[in-house]
Amino acid sequence: MARIDKINEEVRRELAAVIRELKDARIPMMTSVVAVHVTNDLRYAKVYISVMGTEEEQKKAIEGLKSAAGFVRREMGRRVDLRYTPEFLFELDHSIEHGAHIDALLKRYSK
């Protein structure tokens with residue numbers, strides 16, 4: 001496994017823990033960190049977030065995460081030992097929602 005892959009996985013794991021600790025009503029409990037892609041210079045990290053809920057709830061969750069980005073970055077700086085703590089760019093990921101939809105379709109048509 002390449003060094004950047006290890007960094008991506010460690011940041012993803014710790015970021016998921018930090019997000020679970022946030023006390024923002026806009027961020028539901030069913031918010032998952034699907035993947036993290038940190039740039040090679042460690043300055044930025046694109047974070048793919050999955051939120052189970054309506055489109056409006058998903059938008060509010062991303063807004064909540066963006067408003068908490070400073071806190072999240074400080075907390076990540078304490079938890080992950082990197083030369084730089086990346087700036088987090090949150091983006092919705094629909095893969096889990098899409099998978100659940102496909103699973104429902106398969107169950108419906110397999111009867």
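Which residues have the most contacts inside the largest nonpolar core? Keep that question in mind while we look around this predicted model.

**The overall layout**

The protein contains four helices and three strands. Among contacts between residues at least 6 apart in sequence, 66% join residues at least 24 apart. The table gathers some values for the whole protein.

| Property | Value |
|---|---|
| Box filled by the C-alpha atoms, along the principal axes | roughly 55 × 35 × 15 Å |
| Buried share of the 111 residues | 34% |
| Accessible surface | about 7,400 Å² |
| Part of that surface belonging to carbon and sulfur atoms | 52% |
| Distance between the mean positions of the 20 positive and 18 negative charges | 2 Å |

**Inside the core**

Now back to the opening question. The largest nonpolar core has 27 residues, and Val11, Leu15, Ile19, Ile49, Phe88 and Phe90 are those with the most contacts inside it. Two or more residues of this core come from each of these elements: helices H1 (3-21), H2 (55-67) and H3 (69-79), together with strands E1 (31-38), E2 (44-51) and E3 (87-92). Helix H1 gives the largest share, six residues. As a general background, nonpolar side chains in soluble globular proteins tend to be buried together.

**A closer look at Phe88**

Leaving aside residues up to four places away in sequence, Phe88 touches Val11, Leu15, Ala45, Val47, Val72, Arg73 and Met76.

Definitions and conventions:
Residues numbered from 1 in each chain as written. Predicted model: local features only at pLDDT ≥ 70, side-chain atom pairs only at ≥ 80, totals over all residues. Heavy atoms only, no water. Core = buried A, V, L, I, M, F, W, Y, C linked by side-chain atoms within 4.5 Å. Buried < 20%, exposed > 50% of the residue type's maximum accessible area, 1.4 Å probe, protein only. Contact = heavy atoms within 4.5 Å. Areas by Shrake-Rupley, 256 points an atom, 1.4 Å probe, with all protein chains shown as cover. Lys, Arg positive; Asp, Glu negative; His and termini not counted. Charge placed at Lys NZ, Arg CZ, Asp CG, Glu CD.
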